[in-house]
Amino acid sequence: MLKQFASSVAVVALSLSFVSSANAADVTQINGAGATFPYPIYAKWASAYQKETGIKLNYQSIGSGGGIKQIKKKTVDFGASDAPMKPEELDKYGMIQWPQIMGGVVPVVNLPGIESGKIHLDGKTLADIFLGRITKWNDKRITALNPNVKLPDHKITVVHRSDGSGTTFIFTNYLNKVSKAWADKVGNAKAVSWPAGVGGKGNEGVASYVSRIGGSIGYVEYAYALQNKMTYTLLRNKDGKYVAPTAENFQAAAAGAEWGKAKNYYLILTDQPGEKSWPITGASFIIVYKQAQHPDSARAVLKFFDWAYHHGGEMANKLDYVPMPAKVVNMVENTWTKSIHTASGEPVWTSKMVVQK
Amino acid sequence: MMNTVTGNTGVPVPNRIAGSLGDRLFHGVAWMAAVGVLLVLGAIIVMLTIGASPAFEKFGFFNFLSTAEWNPVTEMFGGLSPLVGTLVSSAIAILIGLPVSFGIALFITEMAPPWLKRPVGTAIELLAAIPSIIYGMWGLFIFAPFFADHIQPLLTDTLGELPLIGALFQDPPLGISVFTAGIILAIMIIPFIASVMRDVFETVPAELRESAYGVGSTTWEVVWNVVLPMTKVGAMGGVMLGLGRALGETMAVTFVIGNAHKLHLGLFEPGNSIASTIANEFTEADGEVYTASLIALGLILFIITFIVLGLAKIMLLRMAARQEGRPA
């Protein structure tokens with residue numbers, strides 16, 4: 001409901017916004033649209049930033065697909081997407097992207113009497129469950145991983161997202177990497193052809209189905225699992241260790257990732273190496289044009305996100321998001337100076353422009 | 001008006017001119033309003049067709065209708081499963097909603113004591129004003145669990161044992177299914193059908209009713225032989241209104257239908273409808289064929305509604321013709 005309301009507001013706001021972005025000399029408002037997953041933290045940053053600088057952020061959470069469409073049409077100053085755009089596509093449109101904030105996806109189950117963190121799963125087993133190949137909780141492939149847990153002879157009901165979603169993108173990306181059968185049969189996208197189960201709309205839809213249906217398993221964003229005290233499972237990561245979904249383990253996944261090698265930051269943080277890495281971690285991305293049409297607006301966008309990198313970490317933690325590690329922030333700042341320029345080739349942003357607190 | 005009558009000169013007087021100008025203006029405005037509706041309708045069809053054409057070009061119209069695969073990864077789309085889901089859930093809604101609405105209208109017009117008519121009538125109209133999201137949430141949080149725990153096992157043990165139709169009722173009770181969606185839709189359309197039926201039943205002149213009672217008819221005979229034949233066009237209109245709402249209902253269905261792109265024989269399995277598919281997937285559909293396929297679904301829903309209304313019209317015309325052929 002809120003999402004729909006926001007998107008209808010977006011249309012009005014977008015048409016109004018031309019006035020402010022055209023008048024380049026004094027930018028008082030920056031306009032962006034896209035992913036719903038980071039909306040709460042962007043909104044929080046925006047209100048704090050406005051108090052400090054007087055510059056307003058108008059962010060419309062119309063969905064990642066919508067955000068990409070809007071930035072392609074140049075109706076917004078930046079687009080936001082939970083799934084990174086492919087490097088070829090970015091080059092085609094002359095855009096760049098960077099990771100702004102992280103979150104994780106957590107498998108949640110409804111098994112009466114079994115607590116959070118008691119069930120151990122590995123990627124292959126999780127994929128087989130979502131493929132509909134494991135249909136009972138006491139299947140020996142699950143019991144072999146959980147010798148100390150008494151699992152019931154109960155049918156497994158798979159719960160997935162019915163709407164296209166960055167969460168699904170990250171989740172299926174992980175299954176794609178760890179299971180050949182999944183890669184062959186289903187694949188990786190924001191919406192896929194699910195071999196089994198029922199679909200709930202939004203994180204709240206999946207959460208309510210999982211809490212409703214006994215013996216069900218679904219996947220939700222970390223913040224959602226935490227705030228609703230859902231029963232999560234442990235997962236085996238690339239290093240063979242069983243890890244719990246915690247902010248620390250998400251950061252471990254991001255820190256271990258080789259961002260420097262990824263062209264255009266096209267890197268999905270699933271199945272990363274590292275002893276503590278949570279295997280289903282993902283970043284949410286911001287997309288802008290390399291050659292800034294309105295350099296002042298573009299600079300305002302970069303200043304805002306830079307401020308968020310340096311001063312927004314605590315706010316992010318409070319809302320159960322995970323800030324980017326400092327190493328990655330430095331890299332992104334260098335990319336900005338190198339790649340984003342005005343029509344005459346001047347860099348739009350340099351490290352001197354960091355907004356001081 | 002007094003000074004418009006200025007004798008027999010025949011010369012039009014100013015006020016008269018103003019009057020005819022007003023008439024012409026009104027005529028024009030009324031025309032524009034009527035033609036405007038047609039233009040909007042035409043524009044919608046044109047836009048939907050243009051928007052859907054990449055999908056039809058790639059898959060073919062009939063192929064799109066007859067394939068159940070819906071795979072955003074490989075960009076293979078077929079609309080059979082939402083099409084079937086829409087038709088089945090609406091059919092269930094009408095099967096349940098029609099008799100209940102008829103009963104409600106019958107009770108209010110023929111049987112209820114006068115002091116009860118008003119409150120019941122108003123209550124029905126209030127039900128029609130509840131937003132569909134409320135029905136959806138009620139369906140998900142209250143009705144679906146109750147249905148899964150109490151009614152579904154009962155149906156499986158009874159109807160599920162029957163030959164032929166038994167297979168429709170044998171799946172495990174999740175509470176979230178095409179059947180649940182049908183029931184929620186029935187609850188949503190009952191107020192519409194019932195209040196239209198009540199209104200048209202009340203248009204039957206009291207003399208007719210009283211004469212029928214006077215010659216010794218029972219209440220049922222009066223309704224079946226006097227009231228219904230006189231009002232069937234209006235009553236049918238109410239049913240069509242309800243069916244139209246059921247076919248296009250989005251939010252409530254999305255909550256309880258399960259949103260799975262799969263064709264199942266069983267009514268207790270999750271499915272999806274055209275409207276719920278569009279609501280779920282439109283925001284994140286990137287790629288031309290994906291968006292076009294969703295618009296194609298919209299066009300198909302439009303066509304279905306058109307066919308349903310057309311069939312209703314033909315049925316009514318036939319009924320009217322038969323009525324006239326019969327000696328009075």
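This is a predicted model: local features need pLDDT of at least 70, side-chain atom pairs count only at pLDDT 80 or more; totals for chains, interfaces and linings use all residues.
## Overall form of chain A

Chain A contains 14 helices and 13 strands. Its C-alpha trace extends over about 70 × 40 × 35 Å along the principal axes. The radius of gyration of chain A is 21 Å, and a compact globule of 357 residues would have a value near 21 Å, so the two agree.

## Burial and contacts in chain A

Of the 357 residues in chain A, 60% count as buried. For contacts in chain A between residues at least 6 apart in sequence, 75% join residues that are at least 24 apart.

## Helix 4 and helix 6 of chain B

Two packed helices are described by the angle between their axes and the distance between the axes. In chain B, helix 4 spans residues 114-128 and helix 6 spans residues 178-201. The axes of these helices come within 8 Å and cross at roughly 140°. Angles over 145 degrees count as roughly antiparallel and those of 65 to 115 as roughly perpendicular; helix 4 of chain B and helix 6 of chain B are therefore oblique to each other. The crossing of helix 4 and helix 6 of chain B is left-handed.

On the side of helix 4 of chain B, the contact involves B:Gly121, B:Ile124, B:Glu125, B:Leu127 and B:Ala128. These residues meet B:Pro191, B:Phe192, B:Ala194, B:Ser195 and B:Arg198 in helix 6 of chain B. By class, this contact between helix 4 and helix 6 of chain B has 6 nonpolar, 2 polar and 2 charged residues.

Note on methods. Residues are numbered from 1 along each chain as its sequence is written. Chains are lettered from A and ligands numbered from 1 in the order in which they are written. Side-chain values use heavy atoms; hydrogens and water are left out. Axes are lines fitted to C-alpha atoms, for helices over the stretch in contact, and angles run from 0 to 180 degrees between N-to-C directions. Helices (H or I, at least four residues) and strands (E, at least two) are DSSP runs, numbered from the N terminus. Angles under 35 degrees count as roughly parallel, over 145 as roughly antiparallel, 65 to 115 as roughly perpendicular and the rest as oblique. A crossing is left-handed if the near helix is turned anticlockwise from the far one by less than a right angle, and right-handed if clockwise. Contact means heavy atoms within 4.5 Å. Ala, Val, Leu, Ile, Met, Phe, Trp, Tyr, Cys and Pro count as nonpolar, Asp, Glu, Lys and Arg as charged, and the others, Gly among them, as polar. The radius of gyration is taken over C-alpha atoms; the globule rule is 2.2 Å times the number of residues to the power 0.38. Buried means under 20% relative accessible area, exposed over 50%, partly exposed in between (1.4 Å probe, protein chains only).
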